Structure formats: C-alpha cells, structure tokens
Amino acid sequence: MRFAVEGAPPRFPESILYSAPVLPPADSMIPEIQTILETGLLNKGAWSARLEREFASAVETGEAVLFSSGGAALTALVRLLASGKKVLAPAFLFPPAALSIVDGGGSIRFQDVSPESWILEPDETESMGDPALVLGFHLFGRPGAPIEWEAWSKRHDVPVIFDAAHGPGSSVRQRPCGSFGVAEVFSLTPSKLVTAGEGGVVTTDDQDLARELRNFRNYGKGEDGRFGSHGMSARPTELAACLGCYSLTLLSEERDRRVRLALEYGAILQEAGGVEIPERPEDEVWNYHEYAIRIHPDEFGLTRDELAYLIEAEGVEVRRQYTEPACIAPSVIGVDGIKGQFPATECLSGELLQLPMAPGVTLQDARSIAQLISEAHSCSGRLKELCRGTGRC
Ligand SMILES: Cc1ncc(COP(=O)(O)O)c(C=O)c1O
C-alpha cells in the first residue's frame, strides 16, 4: 500500500469535505421568505417567537431566548449572573467563548479538563476556587458532566451554565443538553447542528432570567418601554428565525446520521494502535458535532500534525480543534492576565484530530478514512521521514 505523500494518486480524488451546513430544500422556504419580505416584519415577529417556543420544547425547558449570536447570548447571561465576579471555565474552550465572559464583566478562572473525558468535571472534594458561576461545556457533542455539575452546584450554592454550542441533540439519562443548570447557551452558526445562518439561544426554566435576557438583547429596554437597565443590540432577524425553525426539524435525523458515521469510524479505529477514541457512557447520547480522535504520537508513530498532512494529501479535509484553546489564546490572556498550568489541555491541543462529518460523507467513506489511518499507523516507520515536521498549524 502506497500513499499520496509517496507519490501515489490520492485515494479520494473527488475530495471529502470536512463539514457543510445541513439545510432544508430551498424551495420549501421560498414562500415563507416572500411573506416575511412582503409584510416587512423583519424582527420581533412570529418566526422569532416560534423558534423560541420550538427550541424550548426540543430541550424541554420553559423558556428559550433568541439572540443575534451565541457570543452575544453568553455575554448577556454572564452580565446578568456574574458581572464583576469569578467565572470558572474549562481551559480547553473555544477562545471567543472566554471573551464573551470577559465582555459580560466576569473574570475568568480556567480549570484543566480531564485527560480521559476531555471535559471539565467537578472535583467533588474541592470548592474549585470559589467561583460565583461555572461554565461547563458540551465539547464536540459530549455532554459536559451536567448531572455531576448540577449536584456540585447544589452543594456549593453556585450556579452552573453550559456552552451548548456543540450540544443540540445530545442527552444524558434522556435529559437533553439545553435543560441543565441555570441556563445553557447555543450558537446557530452554519457549522452547528441547528443553524439560522447566525444566531444564539439561551434555554432556561427561570422566567425572570428569560425576561431580563429579552430586555438585555433589546438595548435594556423594559416592557414599560423605558431604557431601564444595561443591555445591548442583539435581536435575531425573522429571516434567520425562519431558517432556524426549518433547521430544527432536521436535528434528530442529522444527529442519527452522525451516530452511524461515528460507529463506522470507531469500529476500525478502536483497533488502530496509538489512536484514542472517547468512550461514550451507556446513558449518554452524543450528537458527534465533531468526531474527534486523539493521536498518541509515540504509539502511533506519527504526530497528529504529520497524520493530518498525510490524510489531506489523500484528498480528505480534517480539523485540529483547538490548537490554541482559550487558556493560551493571545486575545484571552491579553485581556485577563490568566496564569496557570493546564497539562491535559496542552496535550489535547497537540493531539486531537477531527474527521469529516459533512452530509455527503458516506459510511463507506468513513470506513475508507479509518482504514487509511490504520494503514498509516502500520507503515509509520516508512512514512515518518516523509511527514516529519509537516502539517504544523
Ligand atoms: C463552542 C462554541 N462556543 C461559542 C461559540 C460562539 O457562538 P457565535 O459564533 O454564535 O457567537 C461558538 C461558535 O462557533 C462555539 O463553537
């Protein structure tokens, strides 16, 4: 078996895309778009109200509050719950999520993630540095220990919220992500399982919090029409909300498609030396927002970056998230003066690789990509020289 890095033709000459948005057929939405444009109701209309209702129902909460972005939603939530206070967050976090905490007036304290589960887990014996708020994270679609965090939250009387951008369709013990803690925050960008083009959603059972969030996204303007409290301009548009409603109907089918792909990848990769696949507990459903594997370089024979170079030469797009997680991103460190050692996060940032999950990826593609990785491991001695030092981001 020869590889493209050795001069063989690429195994996937048509190229395999990493991801693409899952969208409804265009003609199904045209009449709705026409109506929105004809009525001139471009915001604060029926579609926004409907998406809020349907999102809340999908995650089994009393309330869902739409925003123009997930970042704005998280900023608003932190501003209302922990402005001027300490917010505990996972070191292995999307950097803009950390910046939303800063924008909300919170001061971040990072905590390293578990080297086994890759998520932030509560240390049951510790106060975790006495934060005023904890941000959990459903990383790559794996629920971020929400049952454990809820128990910790109760014991320490500290509210917990979740970055649920990767979480739609995932659940623990049949409780959907979106329903945990005081509130959860979704993003609706095109890479998410539910998309509105752009947008964000806070889900919560707290009606007062929901009302404050609705005021906040509308310049802080209250129901009495007065600019009574701090706020921002972060309303959704009706066009986006309409797309969001259509997209939400596709969620469970898309989640199930990803579960099938993950099974195909896993069946082959679990036998490949040096490849770690996260183990899904039986009582959890993962949406596989990302299918992430960890490459242990000594055992595998190539580094994650060398393997990424080899795979991309074969015509397969892969991702390396997060090569610069929040705890080391210059923008975050610059703002908040963060110090600390995060050894698990540091390892993960150099060893995690995400494989394609785009709608066009077939089960056969997943088997062939997994096979390619397995063969790269078997031939790593020969390939090492060709790939050495390549693919670094
Ligand atoms: C994990 C995570 N958190 C937060 C965000 C921010 O969401 P938005 O881009 O809608 O502001 C994203 C967006 O990609 C994300 O992936």
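**The ligand shell**

A: α3 (70-82) and α4 each give at least two residues to the shell around the ligand. Helices (H or I, at least four residues) and strands (E, at least two) are DSSP runs, numbered from the N terminus. This is a predicted model: local features need pLDDT of at least 70, side-chain atom pairs count only at pLDDT 80 or more, and totals for chains, interfaces and linings use all residues. Residues are numbered from 1 along each chain as its sequence is written.

Q: Which residues are around the ligand?

A: A residue is near a molecule if its C-beta atom, placed from the backbone, lies within 6 Å of it. Here the residues are S69, G70, G71, F94, P96, A97, D163, A165, H166, S187, T189 and G200.

Q: How do the residues of that shell divide by class?

A: Ala, Val, Leu, Ile, Met, Phe, Trp, Tyr, Cys and Pro count as nonpolar, Asp, Glu, Lys and Arg as charged, and the others, Gly among them, as polar. The shell has 4 nonpolar, 7 polar and 1 charged.

Q: G200 is in that list. Where does β9 (200-204) point its residues, and are they buried or exposed?

A: A residue is buried if 20 or more other C-beta atoms lie within 10 Å of its own, exposed if 12 or fewer, and partly exposed in between; the C-beta atoms are placed from the backbone. In β9, 5 of 5 residues are buried. G200, V202 and T204 point one way, while V201 and T203 point the other way.

Q: Which strands pair with β9?

A: Strands of a sheet pair through backbone hydrogen bonds, either parallel or antiparallel. Two strands count as paired if DSSP finds at least two bridges between them. β1 (63-67) is antiparallel to β9 over 5 bridges, with V65 partnered by V202. β8 (183-187) is also joined to β9 by 5 bridges and runs antiparallel. There, S187 has G200 as its bridge partner.

Q: What is the strand order in the open sheet of 3 strands?

A: The order is β7-β6-β11, with antiparallel pairing. β7 (175-176) and β11 (284-285) are the edge strands, each pairing on one side only. Between β6 (171-172) and β7 there are 2 bridges. V172 has R175 as its partner in β7.

Q: How do I read the sides of a helix? Which residues of α5 (146-156) are buried?

A: They are P146, W149, W152 and S153. These cover an arc of only 120 degrees around the axis, so they sit on the same side of α5. That arc is taken from the directions from the helix axis to the C-beta atoms. K154 and R155 are exposed on the other side. The cover over the buried residues includes β4 (133-137), β5 (160-163) and β6. Here contact means that two C-beta atoms, placed from the backbone, lie within 7 Å.

Q: What about α12 (343-351): which of its residues are buried?

A: T345, L348 and S349 are buried. Their arc is only 100 degrees, which puts them on the same side of α12. They pack against β13 (352-355).

Q: Which backbone angles deserve a look?

A: Most residues other than glycine have a negative phi, and most peptide bonds are trans. E60 has a positive phi of about 60 degrees. E60 lies in the loop between α2 (46-59) and β1, and counts as partly exposed because it has 14 C-beta neighbours inside 10 Å. D130 has a positive phi of about 50 degrees. Its loop runs between β3 and β4. With 11 C-beta neighbours inside 10 Å, D130 counts as exposed. Just after α5, D157 takes a positive phi of about 55 degrees. The peptide bond from Q321 to Y322 is cis, with omega near -10 degrees.

Q: How do the domains meet?

A: Domain bounds come from an automatic or database domain assignment. That assignment gives domain 1 (26-112 + 119-249) and domain 2 (251-387). Their C-alpha centres lie 27 Å apart. In all, 27 residues of domain 1 are in contact with 31 residues of domain 2. On the domain 1 side, α4 (95-103) brings the largest share, 5 residues. By class, that side has 18 nonpolar, 6 polar and 3 charged residues.
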